[in-house]
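Here are my notes on this one, point by point. Have the model open while you read.

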Amino acid sequence: MNVGLEHYLVVSAVLFALGLLGVVTRRNILVIYMSLELMLNAANLALVAFSRFNNNLDGQVMVFFIITVAAAEVAVGLALIVALYRRRQTTHVEDLNLLKH
Amino acid sequence: MEVLKLAAPETVLVVIALAVLAVDLLALRGQPVSMRFGIGAAVAGLGCAATMLMLLGRHAHANLFDGMLVVDPLTNVVKAAIVLLTLFTVLISTAGKFTEHVGEYLALILLATVGMMFLVSAEDLLMIFISLELLSLSLYVLTAFNKRNIKSAEAALKYFLFGGMAAAFTLFGLSLLYGMSGSTNLHRIAEGLAGKGMDPLLIVAVVTTLIGFGFKVAAVPFHLWAPDAYEGAPTPSAAFIATGSKVASFFILAKIMMIGFAGAEGSAAWRTFISGWMPAMALLAALSMVLGNLTAIAQTSLKRLLAYSAIAHGGYMLLAVMANNEAGMAGLLYYVITYGLATLGAFGVVQVVEDATGNDSIISFTGLSRRAPALSLCLLVFLLSLGGIPPLAGFFGKFFVFSAAVGADGNHLGLLWLVILAIAMSAVSFYYYLRVLKAAYVADGADVTQATNMMAVPVATLAALVLLAFLVVILGCAPALLMGLLQAGDQVGH
Amino acid sequence: MENAQAYLFYVFAALAVICAIMVVANPFSRSPVTSAMFLVLTMGCLAGLFTLLHAFFLAAVQILVYAGAVMVLFLFVIMLLDLKEEQRRQVKSLSLVAGLVSVGAILAIFVRSLIATKPGEGALANVEGSTSKLGKLLFTQYLLPFEIVSVLLLVAMVGVVLLSKKDLK
């Protein structure tokens, strides 16, 4: 069976949805952050698939930059998590309740 | 070399940011914080002033690399306004007692400004994403700067997680746009989408893009990060998030919707519903106006009050985007710039009061008119402008936005229902602004000792606030000054 | 040849989805280390999918940078934090069900709109993501984003050093 654009997009959508599920349901900050990375990867897959079927390289260049930006963001995010953990000794999202809603 | 010439203002700011870092690191170790802030702010301020002169003095028209860097009079004016807001933020931050890392703080503010400037010039999806991420990353770090207060780190983490999710949604939406049209340039995307009508994938793209940008401008229901971020962040950082980044985000949102999604507006007129981005944005605008204003009434902390007021003002600005014409764009920019000036001033006043009394609740403002008369006069100007009283700038901002919305769509009065809602909610907003002013001017404090001590106001902050108040009054008495600049740029640019 | 590629696609896609499920909801252990390991596997499967899409350079970058640097950083931090086993806090079943339902709905809407739109119809796929072509593009047309990313990395570095330093009170 011929594998077309739709197949790749379905995989991308499933991964995106799984990442979203992780962000919404999990309570450990590190796992939430990993689900966020999963969502970004899903968008990357969509971009590369579109790039192949649109016959230009713009999508691939975009993915290249997205990977770079995601790496920088991971560094900052993990530094934030470490800074918080040092003070609160917890990585459980429900314990972050100093700011009243 | 073309790039360097056209991106000269941004390059200057990057060099100044590096210079501030270098000066602080090499020459100022061991000096008291106030001196380091003073020298750093002076260098940064000079850089901002030079950049503004460069922006307002040049008349170039260029479109580099097919949408990566678009230079025209309108973007120059918007960039100049952003740099002006940055300059005032730097001045206000000099009085801050929340950090010793002066060089890094000022450098990050300047680099965030560079991100904003590139965002304003962008018409290509990749540039939009990268500038947005540069801006956001700097803002996350700026929010976490106060290492003595754990609320700062917590606010930054919440902001970061929400922001990361929004970035993922935006990215997915942008990838769908690229996929459907074959290009990453906004104009070519519109051409590519033109023949297709409202196919379901386009709807998904519209929704995900709106989710991503709705987060950035703190529209309801993507506003949950804003009150916590504004409350936990050091006050100059909160001021910066509330003003400069809003100008850039709304400008680029308007550009994406008006240029990129040009064929997919749909309609949000009363009793008609054609699917497109307009009904979705109408929903966001209405929810933001209502929820922002109503929740602000219950706030006792002034920073959270300003956060909810920012959400409400975002609703009015979304209304301007929905006008979808040049009057709407000019009105939007006028509104967001004057809103930025007034909010920046308000945050400056909050910082002074917070440093003097230890918290930012409305009770701390009691008797402010006796303890710091110049400061409370500035506060009066800022809050009245935010409420929309003539002859201050806020009134004309609302006037231009509402008239653009009413006159949109060929004068069929389709958006009238939103305008009426906006006017009603503006009236509601008077209540909480006047409540603060009442505490400052009218109430005689229950805590008598606190209400009679003269408050120490740092000179640089006071000078900046007086200048801001002066600007707000001038822009209100002569709205044509700013509107002329915006409209002249508009006609040539679009 | 076509069949082999289709077969490989299904293998990689299924593996990626299974590993992603294990990242989000692994029933074996609640430790974030398990999730991190499965995320590395997911990224590896994605790199395989990139190769099938003829994006060779990106596949290499995905493994080297994303799986090789970013996830290693994650594991460093998890190890440094020295977490005890996350106590099984009661995941409120209501929020879990609500999450599943809403995410499932979003997914269903997307797949339906995908089937309705058929974006890939008649598309000829013949672009090769070779390193030289990407490199040429990067240094001519995409020069400005390239320079901005360097500023972004500076911001990230300043931020990380600042946040991680222990302030001497």
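1. Start with the C/A interface: 80 residues of chain C and 68 residues of chain A are in contact (contact meaning heavy atoms within 4.5 Å). Before going on, note that this is a predicted model, where local features need pLDDT of at least 70 and side-chain atom pairs count only at pLDDT 80 or more, while totals for chains, interfaces and linings use all residues. Residues are numbered from 1 along each chain as its sequence is written, chains are lettered from A and ligands numbered from 1 in the order in which they are written, and side-chain values use heavy atoms, with hydrogens and water left out.

2. On area, chain C and chain A bury about 6800 Å² between them, and 77% of that sits on carbon and sulfur atoms. Buried area here is the accessible area (1.4 Å probe) that two parts lose on being put together, summed over both.

3. What about polar links between C and A?

4. On the chain C side, H1 (2-25), H2 (32-52), H3 (56-81), H4 (93-117), H5 (131-140) and H6 (143-164) each supply at least two residues to the face touching chain A. Helices are DSSP runs (H or I, at least four residues), numbered from the N terminus. H3(C) has the largest share, 13 residues. By class, that side divides into 58 nonpolar, eleven polar and eleven charged residues; Ala, Val, Leu, Ile, Met, Phe, Trp, Tyr, Cys and Pro count as nonpolar, Asp, Glu, Lys and Arg as charged, and the others, Gly among them, as polar.

5. Now B against C. This contact takes 31 residues from chain B and 27 residues from chain C, burying about 2700 Å², 84% of it on carbon and sulfur atoms. In chain B, Phe65(B), Lys147(B) and Leu201(B) lose the most area to chain C, together 21% of what that side buries. Again the rule finds zero salt bridges, plus two residue pairs in polar contact.

6. H6(B) is worth a look, giving the most to the side of chain B that touches chain C, with eight residues. H6(B) also gives the most to the lining of the largest cavity, with five residues. That cavity has a volume of about 100 Å³, and among its lining residues are Phe129(B), Glu133(B), Tyr140(B), Thr170(B) and Lys216(B). The lining divides into six nonpolar, four polar and two charged residues. For the cut-offs: on a 1 Å grid over the protein atoms alone, a cavity is a set of points where a 1.4 Å probe fits but cannot get out, and lining residues have an atom within 4 Å of a point.

7. One to check is Glu123(B) with Lys255(B) at 3.7 Å, N to O. Glu123(B) is in the loop between H5 and H6 of chain B and Lys255(B) is in helix H11 (residues 235-260), 132 residues apart.

Definitions and conventions. Salt bridge = Lys/Arg side-chain N within 4 Å of Asp/Glu carboxyl O. Polar contact = N/O pair within 3.5 Å; in protein donor to acceptor, adjacent residues only side chain to side chain. 1 Å grid on protein atoms, 1.4 Å probe; cavity = no way out; pocket = protein on both sides within 12 Å on 5 of 7 lines; lining within 4 Å. Points joined across faces, edges and corners; volume = space filled by probe spheres on them.
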